[in-house]
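This report goes through a protein model from its loops to its sheets, its ring pairs and its cores. The sequence and the structure come first.

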Amino acid sequence: MSYQALYRTFRPSTLSELVRQEHIVKILVNQIETGRVGHAYLFCGPRGTGKTSTAKIFAKAINCLHPVNGSPCGACEVCKALADPTNLDITEIDAASNNGVNEMRDLREKVQYPPVAARYKVYIVDEVHMLSDSAFNALLKTLEEPPKHAVFILATTEPQKLPATILSRCMRFDFKLIPQKDLEEHIKNILQKIGKEYEEEAVAAIARAGAGSVRDSLSIADICISYSRGKLTYADVNEVLGSADFYEIAKLGEAVLSENVSDALTETERVLSSGKGVGVLTKDILNFINDCSIAKSCRNANAILNLPEEMFAEVSRIAQKADGRKILRCAEIFTGIEADLRYSMSPRIVFETALVKACMPETDFDALSLSRRLDLLESKLKSGQFAAAPAAQADRPAAKAPVLEEAPLEDAPFDDPPPPPPEPEDAYAPPRRPAAEKIDALSPEKRKGAFGYFMRSLRSSVKNGVLFTMCQDLEPSFEGDKFILTASSEVIHRSLLREEHYKSVKAALENIGITDFEIRLRGAKADRLDEDIARLKRDFSGADIQEK
């Protein structure tokens with residue numbers, strides 16, 4: 001006899017053998033025992049969760065003469081007749097290959113004939129979402145009012161693709177993904193039945209790779225059994241899955257979380273040169289970062305991860321050294337490139353770019369980068385690095401002032417841009433006036449250049465790049481002897497009226513001989529004129545005041 005895959009050999013034959021799905025089993029058992037069998041059922045859910053198996057068991061159970069706990073007995077005449085592959089009372093239709101309107105018309109004609117040996121004639125339509133619109137229309141009327149002996153069971157992984165008219169005529173049952181613990185127990189039972197020794201960690205790795213699907217888990221277990229001649233080990237499962245060595249991934253993950261770009265790129269080169277694909281490496285590093293997240297935040301982390309002791313110790317060590325926000329940001333970065341890798345012509349460059357981005361948060365503009373910078377600034381403020389210089393030092397000559405090293409870009413405050421560089425000296429230009437020298441800016445010949453004198457005075461007296469930048473956008477004018485500075489932005493206007501900025505502007509204007517000035521917002525003059533006119537009309541109500 002030829003070899004049969006595990007998922008086919010150990011396909012459940014009774015409802016009690018189904019892995020989980022208790023909510024569905026209970027409803028179907030009650031319907032069989034009470035005889036309240038519907039005419040149309042819809043089984044939907046992820047692949048490998050038991051939809052087709054449940055449909056086959058239910059089709060036999062509703063025809064069985066002596067059902068046992070809602071499942072077919074397998075011994076009565078009807079069960080024996082239905083076990084014959086040539087029996088036509090239970091018909092399976094693959095809608096992926098029979099999705100035309102002609103197939104549904106043929107089904108509509110055949111459904112009128114009564115069953116041969118059973119009570120019900122059952123049609124199991126698998127992957128029903130593949131039917132065309134015309135096929136759905138041909139099936140609709142039969143599905144709404146079928147013969148008394150007909151039962152339809154529709155199975156699909158994508159119920160959202162079914163028309164609402166079909167959905168409203170079926171009893172819907174949603175199958176759920178199988179928890180990892182139940183998958184592990186199911187795999188262990190099968191391995192024990194076939195006499196295969198195993199490690200607990202190996203079974204846990206198979207169940208994790210199955211991702212909630214019984215069929216996927218058993219397919220992986222089938223390959224692992226063929227790979228391992230003796231005891232099934234954790235290393236065997238990793239080799240079958242194509243995963244990189246755990247300790248290589250651990251070194252790469254530690255380099256990323258500790259922001260060591262050089263080590264991270266070196267480990268990436270080592271893993272990829274061994275023949276592993278970029279997609280596999282991305283999946284491995286994501287799994288490792290997820291393990292670190294669980295190890296850092298959960299008390300019973302090892303019970304969840306189910307890793308060998310030495311591997312869990314390594315994960316726990318790296319996780320405890322890493323910042324929780326850093327782990328979360330790395331997970332977001334590598335999750336985001338999974339879709340890009342599918343369509344990229346240079347997947348390695350995509351991966352290494354994400355790697356550098358994760359190792360250098362100062363190049364990123366996310367919340368993590370900003371919080372890291374804020375933490376650095378707060379630590380410097382607490383240590384007194386930004387403390388004001390004493391008055392005695394401020395009075396010293398400029399030549400004796402200490403030279404401050406320029407802070408790196410990532411340590412610099414990211415609110416204020418640096419002040420503009422000084423203008424180059426012109427050997428043929430007349431010497432500049434000292435900042436403290438008074439300039440008669442109110443003389444007619446000086447009024448045109450008053451704003452230039454003001455900006456030069458501001459730059460020489462105030463070391464504030466933001467204030468200097470804001471003042472560059474002001475529009476100067478004179479109203480009599482009053483110097484008017486008009487701001488076009490309300491934000492700039494409010495900022496200049498703040499006490500520290502207003503004092504700096506006032507001091508710069510006094511240096512050039514202007515003491516009467518006003519900072520206005522564009523449009524505010526017209527508002528004040530309206531207020532003055534209204535006040536005049538109120539105070540001199542008897543006078544004839546005309547607006548021109």
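Helices, taken here as DSSP runs of H or I with at least four residues, are numbered from the N terminus. The model is a predicted one.

**Residues with a positive phi**

In the loop between helix 12 (246-257) and helix 13 (261-273) lies Glu259. Glu259 is not a glycine, yet its phi is positive, at about 60 degrees. Most residues other than glycine have a negative phi. Is Glu259 buried or partly exposed? With a relative accessible area of 24%, Glu259 is partly exposed; the limit for buried is under 20%.

Glu127 also has a positive phi although it is not a glycine, here of about 50 degrees. Its place is the loop between strand 3 and helix 6 (133-144). Glu127 counts as partly exposed, at 25% relative accessibility.

Gly480 has a positive phi near 70 degrees and belongs to the hairpin of strand 6 and strand 7, which has two residues between the strands.

Helix 11 (residues 234-241) has buried residues at Tyr234, Asp236, Val237 and Asn238. Their cover includes helix 9 (200-210), helix 10 (214-227) and helix 16 (309-321).

Five strands make up an open sheet with parallel pairing, in the order 2-3-4-1-5. Strand 2 (90-94) and strand 5 (171-174) each have a single partner strand, so one side of each has no neighbour in the sheet. On average, and with direction ignored, neighbouring strands of this sheet are turned by 15 degrees against each other.

Strand 1 and strand 5 run parallel and are joined by four bridges. Leu42 has Arg172 as its bridge partner in strand 5.

**Strands 6, 7 and 8**

Strand 7 pairs with strand 6 (residues 475-479) in the antiparallel sense and with strand 8 (residues 517-521) in the parallel sense. The pairing with strand 6 runs over five bridges, and the pairing with strand 8 also runs over five bridges. Ile484 of strand 7 is the bridge partner of Ser477, and Ile484 also stands opposite Glu518 in strand 8.

Why is strand 7 (residues 482-487) described as largely enclosed by the rest of the structure? Five of the six residues of strand 7 are buried, so the description follows from that count.

**Aromatic pairs**

A pair of aromatic rings is described by the distance of the centres and the angle of the planes. The model holds 12 aromatic pairs. Two of them are set out below.

| Pair | Centre to centre | Angle between planes | Type |
|---|---|---|---|
| Tyr41 and Phe58 | 5.0 Å | 70 degrees | edge-to-face |
| Tyr123 and Phe152 | 5.6 Å | 20 degrees | stacked |

The type of each pair follows from the angle, because planes under 30 degrees apart count as stacked and those over 60 as edge-to-face.

Tyr41 belongs to strand 1 (residues 40-44) and Phe58 to helix 3 (residues 51-61), so their pair ties together parts that are 17 residues apart in sequence. Both Tyr41 and Phe58 are buried. Ring pairs also join Tyr41 and Phe58 with Phe43, Phe173 and Phe175 into a cluster.

Tyr123 is buried, at a relative accessible area of 5%. Phe152 is buried as well, at 0%.

In soluble globular proteins, nonpolar side chains tend to be buried together. Here the largest nonpolar core has 62 residues. Helix 14 (residues 278-297) gives the most to this core, with nine residues. Another core, of 24 residues, lies apart from it and includes Met455, Leu474, Ala508 and Ile519.

Which residues have the most contacts inside the largest core? They are Val256, Phe334 and Phe351. Leaving aside residues up to four places away in sequence, Val256 touches Ala264, Lys326, Cys330, Phe334, Leu355, Ala358 and Cys359.

Technical notes. Residues numbered from 1 in each chain as written. Predicted model: local features only at pLDDT ≥ 70, side-chain atom pairs only at ≥ 80, totals over all residues. Heavy atoms only, no water. Core = buried A, V, L, I, M, F, W, Y, C linked by side-chain atoms within 4.5 Å. Buried < 20%, exposed > 50% of the residue type's maximum accessible area, 1.4 Å probe, protein only. Contact = heavy atoms within 4.5 Å. Phe/Tyr/Trp six-rings, centres within 6.5 Å; stacked < 30°, edge-to-face > 60°. Pairing = 2+ DSSP bridges. Axes fitted to C-alpha atoms, helices over the stretch in contact; angles between N-to-C directions.
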